[in-house]
Amino acid sequence: MMRFGAGFALLLGLAGCGGGSGGDGGMMMPPAANRPPAITSPAAANVPENSSGTIYAATATDPDNNAVSFSLSGGADRAAFTITPGGALSFVTPPDFEAPTDADQNNIYLVQIAASDGMTSTTLDLAVTVTNVGPDAFHVTRVATGFASPLALAAVPDGSGRLFVVERAGRIRILTPSTGAIAATPFLDVSAETTTDGERGLLGLALAPDFAASGTFFVYMTNLTGQIEIRRYRTLAGNRDRADPATADAILTIDHPVNSNHYGGWIAFGPDNLLYLGVGDGGGAGDVPNNAQNLNVLLGKILRIDPASDAFPADPARDYAIPPGNPFAAGGGRPEIWAFGLRNPFRDNFDPATGNLWIGDVGQDAREEIDLLRPGDGGANLGWHIMEGTALFTGPATPGLTPPVAEYLHGSGPRQGNSVTGGLVYRGPIEALNSHYLFADFIDGNIWSVPIAQVSPGTTLSSDRFVLHRADFTPNAGAITMPVCFGMDQAGNVYLVDLGGSIFRIEAG
């Protein structure tokens, strides 16, 4: 006879007991398995470009009435989005239809959303289509022609819509864009005081912030010995359309002793009402003297001075003061220096909306670069001639350099060129260009833009992110073959200067 343990007898006894609930004979059943949430929001969404904040609300139900939270779990464009635990999806950076950043660059952003109850989860593959917002259409009109090698322009600040146009040979002319008329009498004529061999000449113009009241303005030019001169002038009493030659004052002179190229030539007042200058490295190839890295010379630098006062009364060649915030004001380098490591910052511009300075620095043999300096970036080393763009030039690799925010290679392709013309941030009514940095190549005539939302200091955009505009900029008359400057009138209309002698305006519609 087989013997069974007491445990078995107890089990039989329990099985024979009546009562209990249901028909389970009183046995405890395991809990039902947890069921995953079900996402109820759609798998596709359409969103207008430039959208900020919540662009899609993820929703889900849970069959077990558990709380549900959301996260991002994948997708080709996951990095473009952020989501709250409650399911509010938004773009990290508002999307731009004209410059898509999705993986396929087709304005369809793919992201995977996960809904979790803490134990199980469900995913949804979401496609977000970014749609266009107008007006996008624009055209380019030639407003004047017949200038002699124009290099720069500035608005006449009197509400007339007129422009000062700088001619390289030493004249500043006054243009009325509405009629194309060029005033017969130059605003300024220093043609007998400059030379135009190489890259010399009258290169830049900056009106004092109080020009309407004081008639004070400044020019960037080369003198007859090849030195760089920053001159201050005032207009004739009672006539803001004529400079008074007798008021000429060379407030800063920079030796440029050997070569006739790389003079820079940009001059402008910043949002801080201080005067900024873009100075070339002294010319030649490769910056053999190492001027751009030498903090004891002013070549290859962005300078910042205060011409409203004079901290050097005993020195007639230095009629300005040093802003106390300049990085070398207390020593360690020339106190005028605000940033260094540049090759030839010929055309630069402040974005008045942010105070950021955008610099087009002309490259050597292989790369052209765009640099960006924020108001607090004084003292930045932009790398030349250690680097050319993001590529090592002479080396050695040096920590602490500020890389360009965009660059392109030399060549003849639609996203290549050979000499960058720095531009400006467009803030006008044309949506396709709004909040884009607009710039060009002087040699090849290509014109591009990049959305400033895609630009991040410390990283470099490659040219595949450039929006192509050369065909868009086909003017109604003439041709843009040597774009040398972008500028604005007092109303914010954007103009493009061509060295061949014409001025063009970008117009909506």
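Asn50 lies in the loop between β2 (44-48) and β3 (56-57), where strands (E, at least two residues) and helices (H or I, at least four) are DSSP runs numbered from the N terminus. Although Asn50 is not a glycine, its phi is positive, at about 70°. The residue is partly exposed, with a relative accessible area of 40%; on this scale buried means under 20%, exposed over 50% and partly exposed in between, with a 1.4 Å probe and protein chains only. The model is a predicted one, in which local features need pLDDT of at least 70, side-chain atom pairs count only at pLDDT 80 or more, and totals for chains, interfaces and linings use all residues. Residues are numbered from 1 along each chain as its sequence is written, and side-chain values use heavy atoms, with hydrogens and water left out.

A positive phi, of about 60°, is also found at Ser435, which is not a glycine. Ser435 belongs to the loop between β30 and β31 (436-441), and with a relative accessible area of 23% it is partly exposed. The bond from Gly134 to Pro135 is cis, with omega near -5°, and Pro135 is found in the loop between β9 (121-131) and β10 (138-144). Gly395 and Pro396 are likewise joined by a cis peptide bond, with omega of about -5°, and Pro396 is placed in the loop between β28 (391-392) and β29 (406-409).

Turning to the chain as a whole, its secondary structure comes to two helices and 36 strands. The radius of gyration is 32 Å, well over the 23 Å that the globule rule gives for 509 residues, so the chain is more spread out than a compact globule; the radius is taken over C-alpha atoms, and the rule is 2.2 Å times the number of residues to the power 0.38. Along the principal axes, the C-alpha atoms fill a box of roughly 130 × 50 × 45 Å. Buried residues make up 50% of the 509 residues. The accessible surface, calculated by the Shrake-Rupley method with a 1.4 Å probe and, for residues, with only the protein chains shown counting as cover, comes to about 21400 Å², of which 55% belongs to carbon and sulfur atoms. Of the contacts (heavy atoms within 4.5 Å) with a separation of 6 or more, 57% are between residues 24 or more positions apart.

Asp319 is buried, with a relative accessible area of 11%, and, leaving aside its neighbours within four places in sequence, it is in contact with Arg232, Asp249, Ile251, Pro307, Ser309 and Asp310. The C-alpha atoms of Asp319 and Tyr426, 107 residues apart along the chain, are separated by 34 Å.

Grid points are joined across faces, edges and corners, and a volume is the space filled by probe spheres set on the points. The largest pocket has a volume of about 1000 Å³. It is lined by 37 residues, of which Ala154, Ala155, Ala268, Phe269 and Asn349 are the closest to its centre. At least two lining residues are supplied by each of β11 (150-155), β16 (202-207), α2 (211-214), β20 (266-269), β24 (345-350), β30 (420-426) and β34 (483-488), and β16 gives the most, with five. The lining divides into 24 nonpolar, nine polar and four charged residues, where Ala, Val, Leu, Ile, Met, Phe, Trp, Tyr, Cys and Pro count as nonpolar, Asp, Glu, Lys and Arg as charged, and the others, Gly among them, as polar.

The second largest pocket holds about 420 Å³ of space. Among its 20 lining residues, the closest to the centre are Glu199, Asn344, Phe346, Ser419 and Phe442, and the lining comprises ten nonpolar, seven polar and three charged residues. The count of cavities of 30 Å³ or more comes to one. The largest cavity, with a volume of about 40 Å³, is lined by Arg343, Asp361, Val362, Gly363, Glu369, Trp384, Met387, Glu388 and Gly389.

Conventions: On a 1 Å grid over the protein atoms alone, a cavity is a set of points where a 1.4 Å probe fits but cannot get out, and a pocket is an open set with protein on both sides within 12 Å along at least five of seven lines; lining residues have an atom within 4 Å of a point.
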